[in-house]
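Could you walk me through the aromatic contacts in this model, stop by stop? I have the viewer open and would like to know what to select next.

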Amino acid sequence: MLYTSTRGDTPAVTASQAILQGLAPDGGLYVPREAITPGNPTRLPGDYRELAATLLTPFLSGFQPETVKRAIYAAYSPENFSPREVTPLVKIAPQLHILELWHGPGAAFKDLALQLLPRLMASALASRSEEEQVLILVATSGDTGKSALEGFRDVPGISLVVYYPQTGVSPVQERQMTTQEGDNLAVVAVRGNFDDAQGGVKTIFGNGQLADSLGKKGYLLSSANSINWGRLLPQVVYYFFAYHCLVERGEITAGEAVTFAVPTGNFGNILAGFYARTLGLPVRRLVCAANANKVLADFMGEGLYNARRPFHRTLSPSMDILVSSNMERLLYHASGDKPAQVASWIKLLQEKGAYQVDNETLGSIKEVFWSGHATDEETLKVMAGTYRENGYLLDPHTAVARAVLDRYVAEEDDDSTKVILSTASPFKFPGSVARALFPEESSKALSEFALLETIARKTGLPVPRGLVGLTEKPLRHGRVINAEEMGETLSEVIPLPSSRR
Ligand SMILES: *Cc1c(COP(=O)(O)O)cnc(C)c1O
């Protein structure tokens, strides 16, 4: 499989090149150039690692199949993901299942891609000139940061700078990042919201002068945000895995269509579901769940993507996003592979903050996707209700997905089995969990870290390994800057990559 840019103006590249570069040279995102042909999804292996190797290898041109397999086995090892299934599927009600994607080191779904991507990147780098080093810049709405730090820690030849919005992440998320160990890593807080941090990174990527001067120092700039194909691709696997579990347990018959609900921000997770469907997975509908920043829900209703609106800080901070980067990939596929058309929409978004797609494109999006939003109040209600009635603890992001799925079921005629993708451990958001479940504790003004212990005690659930003892760890990162300073301060914050040998 070769890859081309969504904006069309570049030569086709291998997966290995696409993963190293992150962004295409014309500013577009890499997408598969050839048609994806549906395989036979019911004859796939049931073991997560074997399944990943089978599904991903054909997409990873430029890598040796043995290299891919080794990377997969290392990424999804029992040390990184303790459950044997890697992503366990839990039934909480008739025809309603939760796919737990947060058993990795960062306790969020981003670990699934960010354990594999650095290994692939290191192998792609190893086949290039000896002097080159990769510098990865990441903007995070909270979870990508920690997952990327864990994934890239001590990877030879690669250094990583993570930018997070100073007031946009939960205290647990912040502490996970600021206590991170590893000499090739830096963490910087940015005054502003996620879009400011992401905008700053995009500006650095677009700054030819800066890229040149980094190039002279032997640095190749790249991204580990979901604009990188290597972030998106590994996520296809767990859609198939969930489906396999349902068939194996007799919940559905092979070939029966399933509806997936996905808490959505940058549109990366749910887009992997779109690719899974293109690969032949029987998907009835992909329910795209948004919070009060409901750009996507409005877009999928009217076809107008309008980012000119107030930004809301919600209880699901990892979805507080107005510019969903991966929408560009969906636009490319839904418009029938028209790069010039995509480029003109994105130009309008950049210049005017909005664009309107044609009815045909909107129609083909609506065939697959349905979108709605949930308020903070609804989110808390769903968290409390799911705990009370189903005995299952949801984090606020997953609760948004359930709230929107409930609305979808009420409004649309869909009696298929439903799977909700659970994107984070509830222990990453103890303040919100306590507010929903234990209001009397939450009113005591305890710290988030004290609430974490309280929730563990009251629910009897285990605290994920990566979140144990966070308050005792020494702070290792504390720099705070303005978004406009990201470029000029970059050379001061770049950590030294560990040797490629
Ligand atoms: C990143 C994130 C999301 C949004 O995922 P996208 O791929 O950006 O749409 C949702 N929930 C949690 C917990 C996340 O960390």
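Select Tyr 408 first: in this predicted model, its relative accessibility is 1%, so Tyr 408 counts as buried, the cut-off being under 20%.

Trp 370 and Tyr 408 make an edge-to-face aromatic pair, with 5.2 Å from centre to centre and 65° between the planes. Trp 370 sits in strand β13 (residues 369-373) while Tyr 408 belongs to helix α17 (residues 396-411), so this pair ties together parts that lie 38 residues apart in sequence. Trp 370 is buried too, at 11% relative accessibility.

Next, show the whole of α17. Its 16 residues should span 22 Å at 1.5 Å a residue, and the end C-alpha atoms, 23 Å apart, agree with that.

How many aromatic pairs does a search of the whole structure find? The search finds 16. For one of these, pick Phe 274 and Tyr 275: their ring centres are 5.8 Å apart and the planes meet at 75°, so the pair is edge-to-face, which requires over 60 degrees. Phe 274 is buried with a relative accessible area of 13%, and Tyr 275 is buried with 3%.

Notes:
Residues numbered from 1 in each chain as written. Predicted model: local features only at pLDDT ≥ 70, side-chain atom pairs only at ≥ 80, totals over all residues. Heavy atoms only, no water. Phe/Tyr/Trp six-rings, centres within 6.5 Å; stacked < 30°, edge-to-face > 60°. Buried < 20%, exposed > 50% of the residue type's maximum accessible area, 1.4 Å probe, protein only. Helix = DSSP H or I, 4+ residues; strand = E, 2+ residues; numbered from the N terminus. Expected span 1.5 Å × (residues − 1).
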